[in-house]
Amino acid sequence: MKPDLNFPRHCLGTEHFTLDQIAGLFDRAEYYLTHPKDGANASILSGRVIANLFFENSTRTQTAFEIAAWRLGARVSSLSIAHSSISKGETVLDTAQNLRAMGVDAIVMRHPDNFAARDLAAQIDIPVINAGDGTNEHPTQGLLDVFTMQRHKKTVAGLRVAICGDIAHSRVARSNIHLLLKMGAVVHVIAPPVLMPENYFTGKVQYFDNLSDGIRGVDVVMMLRIQKERMQQTEIPGVREYAFHWGLDHQKLKSAKPDAIVMHPGPINRGVELDAALADDPKYSVILDQVKNGVAIRTAIFESILGGGK
Ligand code: NCD
């Protein structure tokens, strides 16, 4: 691949990607999706070392970054934070500088604080890839979600996409919305009023406080988990009441378009925001495609950031 010299050095959020950069990434992700085990790719990052620094739990994201790096021939060092010197009081920057001194070429970081990845990127001279910072952004998730929509619906422009659930605490929603608006989709956000921030993408998204109104006629429904770990106190009613009003099942999905797809970034709380039978119904659910596409998107990100000899 010819390196795009204007491609950002870091991947911190989705807002500043150009349409050309997104199209270029999606082309490369499509290639990696269709050539997952092509041995030729294993020389692209051979000899490089990528460090995974996860200050919050992760299943899909961390593993997908590892597999993506391996496919390009890079080695991955995944730090176990609980057993690292961070637990002895070392700062994130000190930890990162030590990794750099050992020859690490890029850092993938998930952190509970908003802008943690941006702040690290401003202070270190190796690329930083944001794997989720607090309630702010989760850029590679946004990219893999919109890539999945494009694969299923051919084009993102003109799509009607509903994002439903805990909007207030969702970095996934924000990263998706930046991309969807840029690419010409119409975005509905659906949330109980207590989980809906004020002035959210002011005037650019349509807010609904009712699930069936919000998903009427949409092409895509993305359900989000309630992020209890980020809440001060109980902001929401009990699980059964939440599921009754805000959970999606086959019956409620009928007000969306007949060929609507159902998405979820994981982890799913089955029977809360998403009915188990719908989550597993291949006629609508593309949840495991999202996971599969997540490896391809992260492979394309590593290639774009590190593949040009940077
Ligand atoms: C999300 C996250 O961590 O932001 N999950 C993910 O990365 N696939 C959403 C969540 O935790 O609910």
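Asn 52 is buried, its relative accessible area being 1% (buried means under 20% relative accessible area, exposed over 50%, and partly exposed in between, with a 1.4 Å probe and protein chains only). The model is predicted: local features need pLDDT of at least 70, side-chain atom pairs count only at pLDDT 80 or more, and totals for chains, interfaces and linings use all residues. Residues are numbered from 1 along each chain as its sequence is written, and side-chain values use heavy atoms, with hydrogens and water left out.

Asn 52 belongs to strand E1. Helices (H or I, at least four residues) and strands (E, at least two) are DSSP runs, numbered from the N terminus. Apart from neighbours within four places in sequence, Asn 52 is in contact with Gln 62, Phe 65, Glu 66, Val 76, Ser 77, Ser 78, Leu 79 and Val 108, where contact means heavy atoms within 4.5 Å. Strand E1 is largely enclosed by the rest of the structure, because five of its six residues are buried.

The strand is part of an open sheet of four strands, with parallel pairing and the order E2-E1-E3-E4. Strand E2 (75-79) and strand E4 (128-133) stand at the edges with a single partner strand each, so one side of each has no neighbour in the sheet. From one strand to the next, the twist averages 15°. In general, strands of a sheet pair through backbone hydrogen bonds, either parallel or antiparallel. Two strands count as paired here if DSSP finds at least two bridges between them.

Strand E1 (residues 49-54) runs parallel to E2 and is joined to it by five bridges. Within this pairing, Ser 78 of E2 is the bridge partner of Asn 52, and Leu 53 stands opposite Leu 79 in E2. E1 also pairs with E3 in the parallel sense, over five bridges. Here Ile 50 stands opposite Ala 106 in E3, while Ala 51 has Ile 107 of E3 as its bridge partner. The pairing of E3 with E4 is likewise in the parallel sense and has four bridges; Val 108 is partnered by Ile 129 in E4.

Strand E3 is mostly covered, with six of its six residues buried. Both of its faces are covered: Ala 106, Val 108 and Arg 110 lie on one side, Ile 107, Met 109 and His 111 lie on the other, and all are buried.

E1, helix H2 (residues 60-71) and E2 make a right-handed β-α-β unit. A crossover is right-handed if, with the strands pointing away from the viewer, the path from the first strand over the helix to the second runs clockwise.

Helix H11 contains Ser 304, which counts as buried at 11% relative accessibility. A polar atom of the Ser 304 side chain lies 2.8 Å from the backbone oxygen of Ala 300. This distance falls under the definition of a polar contact, a pair of N or O atoms within 3.5 Å; within protein, one must be able to donate a hydrogen and the other to accept it, and residues adjacent in sequence count only if both atoms are side-chain atoms.

Charged side chains were examined next. Side chains of opposite charge can pair when their charged atoms come close. A search of the whole structure finds 10 salt bridges, a salt bridge being a side-chain nitrogen of Lys or Arg within 4 Å of a carboxyl oxygen of Asp or Glu. One of them joins the side chains of Asp 119 and Arg 118, at 3.4 Å from N to O. Asp 119 is partly exposed, with a relative accessible area of 37%, and Arg 118 is partly exposed at 45%.

Another salt bridge is formed by Lys 153 and Asp 259, whose closest N and O atoms are 3.6 Å apart. This pair links distant parts of the chain, 106 residues apart: Lys 153 is in helix H5 (residues 139-153), and Asp 259 is in the loop between helix H9 (250-253) and strand E9 (261-263). Lys 153 counts as buried at 16% relative accessibility, whereas Asp 259 is partly exposed, with a relative accessible area of 48%.

The side chains of Arg 270 and Asp 280 also meet in a salt bridge, at 2.9 Å from N to O. Arg 270 is in the loop between E9 and helix H10 (276-279), and Asp 280 is in the loop between H10 and helix H11 (287-306), 10 residues apart. Arg 270 is partly exposed, with a relative accessible area of 45%.

Note on methods: Axes fitted to C-alpha atoms, helices over the stretch in contact; angles between N-to-C directions.
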